[in-house]
Amino acid sequence: MAELARTFRLLGFEQRIAAVGAVLLAISTFGPFSFVELAEIAIAIAVLALLRARALGKEFHLPFGDGTVVAAAGVWAGLLILIRLFDRPLGQNLLALVCAAILVFAGVLERAKRPPDDLPPEPPPPRPRAPRPAAPAGEAPTKPLQPPEFKPYEPEPGEQLHLGGEEPQRPGDA
């Protein structure tokens, strides 16, 4: 529940209105249930998922922007409510129409606040690397360094070859 409250606080004013409208739209489906109510619940879940993704900072592009998508969801929900107008009580239909109108209102406000092409700016193209300066014509390319000279360990005559930290044994030591 704390996560839900934190996510709600991260939303902007218009997005909060859309979230409240989506929750109320889902609540308005209680009663006789059909595929129309299932579609309304799917609309509410989709709007809430979009708002949660935006609250968490996920960046993705919707063709006409978030506001247009939320407003279209409200219009579609309103059309679905009008289709089943005579199958449900008038009060429940009016509540559902008000919820759809809230979604449309929130979508219009969101669209006015953020333009539909609110893509983040593209990163600048990578700069080409400067070519290495060529060696002057009279100079030969540099030679690689020779490996360092070292003298391998060779035991003295009669001394045992050892690899650790113990003292070598000499002939005659017992």
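**Pockets, cavities and paired helices**

Q: How do the residues lining the second largest pocket divide into nonpolar, polar and charged?
A: This is a predicted model, where local features need pLDDT of at least 70, side-chain atom pairs count only at pLDDT 80 or more, and totals for chains, interfaces and linings use all residues. Residues are numbered from 1 along each chain as its sequence is written, and side-chain values use heavy atoms, leaving out hydrogens and water. Ala, Val, Leu, Ile, Met, Phe, Trp, Tyr, Cys and Pro count as nonpolar, Asp, Glu, Lys and Arg as charged, and the others, Gly among them, as polar. Sorted like that, the lining comes out as eight nonpolar, one polar and one charged.

Q: Which elements give two or more residues to the lining of the second largest pocket?
A: A 1 Å grid over the protein atoms alone is used: a pocket is an open set of points with protein on both sides within 12 Å along at least five of seven lines, a cavity is a set where a 1.4 Å probe fits but cannot get out, and lining residues have an atom within 4 Å of a point. Here the lining is Leu 4, Thr 7, Phe 8, Leu 11, Ala 19, Val 20, Val 23, Leu 48, Leu 51 and Arg 52. Helices (H or I, at least four residues) are DSSP runs, numbered from the N terminus. The elements giving two or more of those residues are α1 (2-10), α2 and α3.

Q: How much space lies in the largest cavity?
A: The count comes to two cavities of 30 Å³ or more. A volume is the space filled by probe spheres set on the points, which are joined across faces, edges and corners. For the largest cavity, that is about 50 Å³.

Q: Which elements give two or more residues to the lining of the largest cavity?
A: Look for Glu 14, Gln 15, Ala 18, Leu 50, Leu 51, Asp 66, Val 70, Ala 106, Gly 107 and Glu 110, which line this cavity. They split into five nonpolar, two polar and three charged residues. The elements that supply two or more are α2 (13-27), α3, α4 and α5 (90-113).

Q: Are α3 and α4 roughly parallel or roughly antiparallel to each other?
A: The axes of α3 (residues 35-55) and α4 (residues 66-83) come within 10 Å and cross at roughly 165 degrees. Axes are lines fitted to C-alpha atoms, for helices over the stretch in contact, with angles from 0 to 180 degrees between N-to-C directions. Angles under 35 degrees count as roughly parallel, over 145 as roughly antiparallel, 65 to 115 as roughly perpendicular and the rest as oblique. So α3 and α4 are roughly antiparallel.

Q: How many nonpolar, polar and charged residues are in the contact of α2 with α5?
A: The two helices pack at about 160 degrees with axes 8 Å apart, which makes α2 roughly antiparallel to α5. Contact means heavy atoms within 4.5 Å, and residues meeting here include Ala 18 and Leu 25 in α2 and Leu 103 and Phe 105 in α5. The contact holds 13 nonpolar, two polar and three charged residues.

Q: How many nonpolar, polar and charged residues does the contact of α2 with α3 have?
A: These helices pack at about 155 degrees, their axes 8 Å apart, so α2 is roughly antiparallel to α3. Among the contact residues are Ala 19 and Val 23 of α2 and Val 47 and Leu 48 of α3. By class, there are 11 nonpolar, one polar and two charged.
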